[in-house]
Amino acid sequence: MAETSLRVSYERLDAGRPLEDDVLLAIDYASSPGIDDPRCLTVPLTPLGDCPTGEVWRGGRPVRSATDGDLHYAEDGDHVAGWLTIQEDLDGADLTAITERAYRDILNFHAQTDYRHIWRMWNFISDINQGVDDDERYRRFCQGRARAFRQAMDRGTIREYPAASAIGKKTTPRSLQVCWIGSRHGASILENPRQVSAFEYPRQYGPASPSFSRAAVAPTRMFLVSGTASIIGHESRHQGNLTAQIGETFKNLETLASTAAAQQAVRF
């Protein structure tokens, strides 16, 4: 059976319209719960302007959905997508421990299935920049994530970091939400020659470097880019100048695309 293609669209999600049977994952960026479907994750973010609030990932066949503990997932024979939400204040543990547990569960799930390759991950973290120095919540998140990846790499169940992003949100109670897409098939992992690899950042950014790669290219040549900002080397540039930050971000995206094309991983 030939490998199916993964597709993404951005559209309005209607609670009165069920998800189609080929939907692996729907992310509803909304302030209140939307579609009652185990494949749909609601992330409490407010969109800018009058734009679609749904991000919908589809495979090429009808999917089977299920749960495994806190994990919700759907598979179509080639791809798997899933999500989990952990309420921090109800759990009673700190963000580092919660993150380590969440990632350990996700990585263990993949190690026990035929979907051994994680292509991309999304992280939504309450009050992401709250805290000073190593107590900043993003740094604590990075510690927990790094511990889980280190354990999986030591066991040999994963060899490379997937593409990923981390987004802040305002929620009460605080929560960590993680969603991801994986496959039976490996992706080509890419780094940006203009930037230090995130997993090699110096100590000034925290006790553990961020555990992600800059981009991944699927076998069908879908280009999955990580969270990309106005960073050169390992330093953020153009503080206070939004226009220049956007310009630098596009330069980084163009460099990643050129790197992918040079490696014949994808065509543009």
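Helix α2 passes α3 in a right-handed crossing, a crossing being right-handed if the near helix is turned clockwise from the far one by less than a right angle and left-handed if anticlockwise. Helices (H or I, at least four residues) and strands (E, at least two) are DSSP runs, numbered from the N terminus. The model is predicted, with local features needing pLDDT of at least 70 and side-chain atom pairs counting only at pLDDT 80 or more, while totals for chains, interfaces and linings use all residues. Residues are numbered from 1 along each chain as its sequence is written, and side-chain values use heavy atoms, with hydrogens and water left out.

Helix α2 (residues 95-111) packs against α3 at an angle of about 35 degrees, with the axes 7 Å apart; axes are lines fitted to C-alpha atoms, for helices over the stretch in contact, and angles run from 0 to 180 degrees between N-to-C directions. Among the residues that meet, α2 brings L95, Y103 and L107, and α3 brings F141, A148 and F149, where contact means heavy atoms within 4.5 Å. By class, this contact has 7 nonpolar, 6 polar and 7 charged residues, with Ala, Val, Leu, Ile, Met, Phe, Trp, Tyr, Cys and Pro counted as nonpolar, Asp, Glu, Lys and Arg as charged, and the others, Gly among them, as polar.

An open sheet of 3 strands has the order β11-β12-β13 with antiparallel pairing, two strands being paired if DSSP finds at least two bridges between them. Its edge strands, β11 (188-190) and β13 (223-225), each pair on one side only, and the twist averages 20 degrees from one strand to the next. Strand β12 (residues 215-217) is joined to β11 by 3 bridges, and A216 in β12 stands opposite I189. Helix α4 (residues 242-262) lies across β11, β12 and β13, running at about 140 degrees to β13.

About 760 Å³ of space lies in the largest pocket, and of its 24 lining residues Y138, Y201, A229, I231 and S236 lie nearest the centre. On a 1 Å grid over the protein atoms alone, a pocket is an open set of points where a 1.4 Å probe fits, with protein on both sides within 12 Å along at least five of seven lines, and lining residues have an atom within 4 Å of a point. Strand β9 gives the most to this lining, with 4 residues.

Note on methods
Grid points are joined across faces, edges and corners, and a volume is the space filled by probe spheres set on the points.
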